[in-house]
Amino acid sequence: MNKRFPAVLLAAAMTTGLLAGCSDNKTEQASSNPSGAPQGKVTVQFWHSLGGKNGDYINEMIKRFNETHDKIEVVGTFQGSYDETVTKLQQAVAAKTGPDITMLERAYVQMFADAEVLEDMTPYMKKSQLNVDDFPQGLMGHSTFNKKLVSLPFNRSTPILHVNKTMLDEKGLAIPKTWDDLKKVANALVIKENGEFKRYGFSMPYDTWYPIAMISQAKGKFYNDAGTSIGFTNGEGVKTFKFLKELQNTGALYYPPAQDSGNIVNQMFTSGKIGMMYQSTGVIGSLKDNVKFDYVTAYLPMDQVYATPTGGANLALMSASANKDAAWEFINWAMTDPKGGLQFILDSGYLPFTKKMVESPQMKALWEKEPNRKVAYDQLQYAVDTNKHVAWPQDMQEFFKAIQAIMYDNKDIESTLDTFKKETERLLKK
Amino acid sequence: MLAQEKSVETAQAYSIRSAAVIKPFRKSLGFLLKLLMLLMFIFPFLWMISTALQTLEETLTFPPTWIPSVPQWINFVQAMSAGPFATYAKNSIIITLSIIILQSAVMIPAAYAFAKYKFKGNALMFGMVLLAFMIPGQVTFIPVYLMLADAGLIKSLLPQIIPFMSNAFGIFLLRQYFMQIPHELIEAARLDNASELGIMRSIMIPMSMPALATIALFSFVSHWNDYFWPLVMTDSASVRPLTMGIAMLRETEGISNWHIIMAGNVVLVVPILIVYMFASKQIVKAFVHSGIK
């Protein structure tokens, strides 16, 4: 066997080269854009971040488009999580290997808009008679930068209050509408035996979303209007974290460990270890099928006002695209055709993102059947995104540090937020 | 006298008896510790397999479900039909095998030269190899991507193979191993007119099988499981490996179908277990051989 080794090695190396060559050719044919292709089909590359079931739904949507358009072939490719897609997009823009259309997590849109790599879609919209007013205002917070409309909403979500109504009914409690209600209800749900919590009141994943929601409910803004510092210096931040800390100390709030926190709170909610949770609208579909109690959703409780940030992703047209007209046709179809975005929204449970979708009979029928989803859409009237700044992705890491210090290490709230303010001002100056 | 003898006897008997007590105790303690270690290592695997056979509802309960009530073999079908898994598997196999073969072709002569040749700059060049071993992929991926994109290779499997053609850690490990092989053996072979390639083939390789098997195993596992590099180097499904396919099973938002993801992971891990079983046999065999030198 030993004697044969180099021969085997050589043969294998040759085969490998051959195979690598083969697959090279095949992909060239399958996915790259043959500009002079005989059949005259234009290929549009579309990068997205949807895995799992939602990945299936978007693939089906792309398939429906391709079946009805014989001049355009859209190739959808999964590029990892939202963050990973951003990394890939950054390197692809530099290498000129980027897609025609990309999905962008809404908070990253500004960064790319500032780099001027996203196309202004205004002229295309005019041509297709699409108007900014066709979209719910709450979802348009990350679309226009420097007077250019660079992204349109697509798979959007918001945080919402998920309630185990059976558990609340057992104690004769109403669904909380204000922070005070929340405190009372959450405390009433706590079960403590031998100094150990058997049941907590409510929970939320380890994320910046929820503290930001609460700061805006306290009438604060995450960044001030000038974009130079934080906008919750009048005690809104301190109030938020004091409230959370107080609830955490009595067991009314279970604050999960950072790693995999979303799954942990979902599990606790489905198993009745908590009665309520702040969580994305994205989980409604799975929860509805997998819980054994009366499950309802409600607005996030208000302090001074109702308020919610938004999440999810938008679609953007890349400036470097060579097929902008074909790419726009796909975007326009996704926005307006009942077989496009509307069907995707019905399948996936993301928020309807045009007013037409909201008024469509399909959406009305779904809401009739699942009022939990309607609550999510209705809450959009209070949607406000105040953490808008090019430096947000960086500053987010600082905010996470502050959350960790307060929620896990019991650090002093005022001084932690002071440190965060200084860090923010340093980052926003750049 | 007699009393003394007796006391010596009892002392001996005592020590024998205590040994008889201590030995099994020690043995069983060792056994228990080994069992504990085994459980620690095997637990994640069992957990993965258990989850792969549960329903979504079972994965969502807390405290966790240990044994699924009805094994859900359909999860495997669902995981495999979620994307072009045959392509992913084919790519994974081509990429890892090519890497191992190319690495061996580069590594063995390099290590042989570093270990057995005396030439100017040997130490310096070896130092540079070690330097390469210390630079993480996260530092080099952007320039490498730009280079390969310039060369128009992004749509092939090559960006996942070329950067790993040389394995600095492998060269290092193999050089240390080669250095232990007595120089007289090589001298003797040269007297018999053996070529340098012949020496590598019939002396260096057979005598360093444990090191080679170890390096190949490490290399296989790290490239088979690699997610970061394929993620940044590939833009289309046709050139992606299994790890990317499995990452695609995750939900971006909302509740992930852990049972499906774990089924995908089982499929990903099985080849590693097979290769490991094969490699561990090789390692043991090679150790037995090297004992006779």
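Take the contacts in chain B between residues at least 6 apart in sequence: 76% of them join residues at least 24 apart. Here two residues are in contact if their C-beta atoms, placed from the backbone, lie within 7 Å. Keep in mind that this is a predicted model, where local features need pLDDT of at least 70, side-chain atom pairs count only at pLDDT 80 or more, and totals for chains, interfaces and linings use all residues. Residues are numbered from 1 along each chain as its sequence is written, while chains are lettered from A and ligands numbered from 1 in the order in which they are written.

So what is chain B built from? Chain B has 13 helices and 0 strands; helices (H or I, at least four residues) and strands (E, at least two) are DSSP runs, numbered from the N terminus. Of its 293 residues, 34% are buried. Buried stands for 20 or more other C-beta atoms within 10 Å of a residue's own, exposed for 12 or fewer, and partly exposed for anything in between, with C-beta atoms placed from the backbone.

Now look at a helix pair. Two packed helices are described by the angle between their axes and the distance between the axes. In chain B, helix 4 (residues 85-116) packs on helix 9 (residues 196-207) at about 85 degrees, with the axes 12 Å apart. Axes are lines fitted to C-alpha atoms, for helices over the stretch in contact, and angles run from 0 to 180 degrees between N-to-C directions. Helix 4 and helix 9 of chain B are therefore roughly perpendicular, the word for 65 to 115 degrees; under 35 is roughly parallel, over 145 roughly antiparallel, and the rest oblique. From helix 4 of chain B, B:I108, B:P109 and B:Y112 meet B:M200, B:M204 and B:I205 of helix 9.

For a contrast in setting, find B:P182 in the loop between helix 7 (168-180) and helix 8 (183-191) of chain B. B:P182 counts as exposed because it has 11 other C-beta atoms within 10 Å. B:K116 is 66 residues from B:P182 in sequence, and their C-alpha atoms are 9.9 Å apart.

Finally, turn to the neighbouring chain: 50 residues of chain A are in contact with 44 residues of chain B. On the chain A side, helix 1 gives the largest share, 14 residues.
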